[in-house]
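Walk through this model with the structure open beside the text.

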Amino acid sequence: MTKIVIQKSKNGEYKGFTCKGHSGFAIRGEDIVCASISVLVINAINSMEKLAKEDMEITEDETAGMIRCFMKKPLSDRGKILMDSMILGLSEISDQYGRQYLTIKIKEV
């Protein structure tokens, strides 16, 4: 199962997120759920860096299936929309394929 934890401050500002684990929907190389999650997460990070010029710290471990993104500063309006879009896409995957493959949690930090 892939677990995604979105960290937000008390006032709702995005602080970062962690995506960890392989979905287990199918065998490696044929897992459309895992591939979809990866595309959404990596595209959001790339878009926030290149289009919104957000200042982030990225940590990844491909073997463990983990990527962590920490926001060094409050996000711009563009960055917020990109995060909202990533969460929307991930939520749709979780709803369509099941929470046994993808869970999303919002955590107040």
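The largest pocket has a volume of about 410 Å³. A pocket here is found on a 1 Å grid over the protein atoms alone: it is an open set of points where a 1.4 Å probe fits, with protein on both sides within 12 Å along at least five of seven lines. Grid points are joined across faces, edges and corners, and the volume is the space filled by probe spheres set on those points. This is a predicted model, where local features need pLDDT of at least 70 and side-chain atom pairs count only at pLDDT 80 or more, while totals for chains, interfaces and linings use all residues. Residues are numbered from 1 along each chain as its sequence is written, and side-chain values use heavy atoms, with hydrogens and water left out.

Helices (H or I, at least four residues) and strands (E, at least two) are DSSP runs, numbered from the N terminus. Helix α1 gives the most, with eight residues. By class, the lining has nine nonpolar, six polar and five charged residues. Ala, Val, Leu, Ile, Met, Phe, Trp, Tyr, Cys and Pro count as nonpolar, Asp, Glu, Lys and Arg as charged, and the others, Gly among them, as polar.

Now take the two strands. Strand β3 (residues 56-61) pairs with strand β4 (residues 66-71) in the antiparallel sense, over six bridges. Pairing requires that DSSP finds at least two bridges between the strands. Met56 has Met71 in β4 as its bridge partner. The two strands form a hairpin with four residues between them. Gly65, in the turn, has a positive phi of about 65°.

Next come the rings. Rings of Phe, Tyr and Trp (its six-membered ring) pair if their centres lie within 6.5 Å; planes under 30 degrees apart are stacked, over 60 edge-to-face, and the rest tilted. The count comes to two aromatic pairs. Phe25 and Tyr97 have ring centres 5.3 Å apart and planes at 80°, so they are edge-to-face. Phe25 sits in the loop between β2 (14-20) and α1 (32-50), and Tyr97 in helix α2 (residues 77-97), 72 residues apart. Both are partly exposed: Phe25 has a relative accessible area of 31%, Tyr97 28%. Buried means under 20% relative accessible area, exposed over 50%, and partly exposed in between (1.4 Å probe, protein chains only).

Phe25 also pairs with Tyr101, with centres 5.1 Å apart and planes at 80°, so this pair is edge-to-face. Tyr101 lies in the loop between α2 and β5 (102-108), so the pair ties together parts that are 76 residues apart in sequence. Tyr101 is buried, at 19%.

Lys53, in the loop between α1 and β3, is exposed at 64%. Its phi is near 55°, a positive value in a residue other than glycine. Most residues other than glycine have a negative phi. Lys72, in the loop between β4 and α2, is partly exposed at 46%. Lys72 and Gly16 are 56 residues apart in sequence, yet 8.8 Å apart in space, C-alpha to C-alpha. The charged end of Lys8 sits over the ring of Tyr14, 4.7 Å from its centre. That label requires NZ of Lys or CZ of Arg within 6 Å of the ring centre and within 35 degrees of the ring normal.

Notes:
On a 1 Å grid over the protein atoms alone, a cavity is a set of points where a 1.4 Å probe fits but cannot get out, and a pocket is an open set with protein on both sides within 12 Å along at least five of seven lines; lining residues have an atom within 4 Å of a point.
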